[in-house]
Amino acid sequence: MVHGGMSIIKYLTFFFNFLFVLFGLVFIVIGSLALGGVEEFSKLSSKLHAPIILLIVLGCAVLLLSFFGCCGAIKENYCMLMTFSVIIFLIFIVELAVGISAYVFRNKISDNIKSAAEDLMKNYYEDKTDRDFWDKIQKTYNCCGIEGPGDWNVTSVFPKLPDSCCHGNETKTCNIGGTNVNVQGCYDNIVGKFKKYSWQIGVAALVIAFLQLVGMIFGCCLARSIKKEYETV
């Protein structure tokens, strides 16, 4: 059994693993909310799904490993603690990469979204899924086009606009310049939601990565102390 300062390290290791349980749950919750939140924009960018799904998987892994680390600390088992520390280090590297990529992607969202949105607008009258996407976005956010109604000039029926661009009487013809046209573009609403979840993913990954690094150091110190005691027996 460890004594003195190592006894404190033992309980600190247990405490940090308890925090990992909580943060693992936070990962899963944030990832699930983000996955549902960006689903309506999935046609614009499927790239955002990858880090979100990875975040959920990491949350589950951290949750399971935390119990492993807690048992290793309480039972003072060298093999369990070293295995825990090595795996946590690998997860730390992955989380760091997820956090950085989420932050970088957050700053590059606008370029990807605008280009994809323009392509979907061009196919509005030819592709039902593209039409359903734009109708849902424009009705949900009371907006029209990317920057405004004029963006629909890429279609062959312009100046006629999609009915979802107009509010009020739905049977009334929806044309550019009409009094019932939503003049605000959808761009800010779309990009805002992407940036919101990218920021949450990045912060969550970096915070827990830092805590795991500290917990890993404590785990290694405790394992080393346990090994020394075994060698002196």
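**Note on the predicted model: disulfides and salt bridges**

1. Confidence first. Mean pLDDT (the predictor's confidence in each residue, from 0 to 100) is 76 for the protein, and 80% of the residues score at least 70. Helix α4 (residues 128-141) comes out highest with a mean of 88, while helix α5 (residues 187-232) is lowest at 72. Helices here are DSSP runs of H or I, at least four residues, and strands are runs of E, at least two, numbered from the N terminus.

2. Ground rules. This is a predicted model, so local features need pLDDT of at least 70 and side-chain atom pairs count only at pLDDT 80 or more, whereas totals for chains, interfaces and linings use all residues. Residues are numbered from 1 along each chain as its sequence is written, and side-chain values use heavy atoms, with hydrogens and water left out.

3. The unreviewed UniProt entry puts "transmembrane region" at residues 12-36, 48-74, 81-105 and 197-223; UniProt positions are in the numbering used here, feature names are shortened, and annotations may be inferred rather than shown by experiment. In the model, residues 12-36 are 100% helix and 0% strand, with the end C-alpha atoms 36 Å apart.

4. Disulfide count and pairing. Searching the whole structure turns up 3 disulfides, a disulfide being a pair of cysteine sulfur atoms within 2.5 Å. With the bonded cysteines numbered in sequence order, the pairing reads 1-6, 2-3, 4-5.

5. Cysteine 143 to cysteine 186. The S to S distance in this disulfide is 2.0 Å, and the link is right-handed, with 100° about the S-S bond. Both cysteines sit in the loop between α4 and α5, so the bond ties together parts that are 43 residues apart in sequence. Cysteine 143 and cysteine 186 are both buried; the scheme is buried under 20% relative accessible area, exposed over 50%, and partly exposed in between (1.4 Å probe, protein chains only).

6. Cysteine 144 to cysteine 165. Here the sulfur atoms are 2.0 Å apart. The torsion about the S-S bond is about 85°, so this one is right-handed. Cysteine 144 and cysteine 165 also lie in the loop between α4 and α5, and the pair ties together parts that are 21 residues apart in sequence. Cysteine 144 is buried at 0% relative accessible area, and cysteine 165 is buried at 0% as well.

7. Cysteine 166 to cysteine 174. The sulfur atoms of this disulfide are 1.8 Å apart, and with 85° about the S-S bond the link is right-handed. Cysteine 166 counts as buried at 13% relative accessibility, and cysteine 174 is buried at 1%.

8. The structure has 2 salt bridges, defined as a side-chain nitrogen of Lys or Arg within 4 Å of a carboxyl oxygen of Asp or Glu. One of them pairs lysine 114 with glutamate 147, the closest N and O atoms being 3.2 Å apart. Lysine 114 is in helix α3 (residues 78-122) and glutamate 147 in the loop between α4 and α5, so the pair ties together parts that are 33 residues apart in sequence. Both ends are partly exposed: lysine 114 at 31% and glutamate 147 at 47%.

9. Lysine 128 pairs with aspartate 132, the closest N and O atoms being 2.7 Å apart. The two residues are 4 apart in helix α4, about one turn of the helix. Lysine 128 counts as exposed at 53% relative accessibility, while aspartate 132 is partly exposed at 38%.
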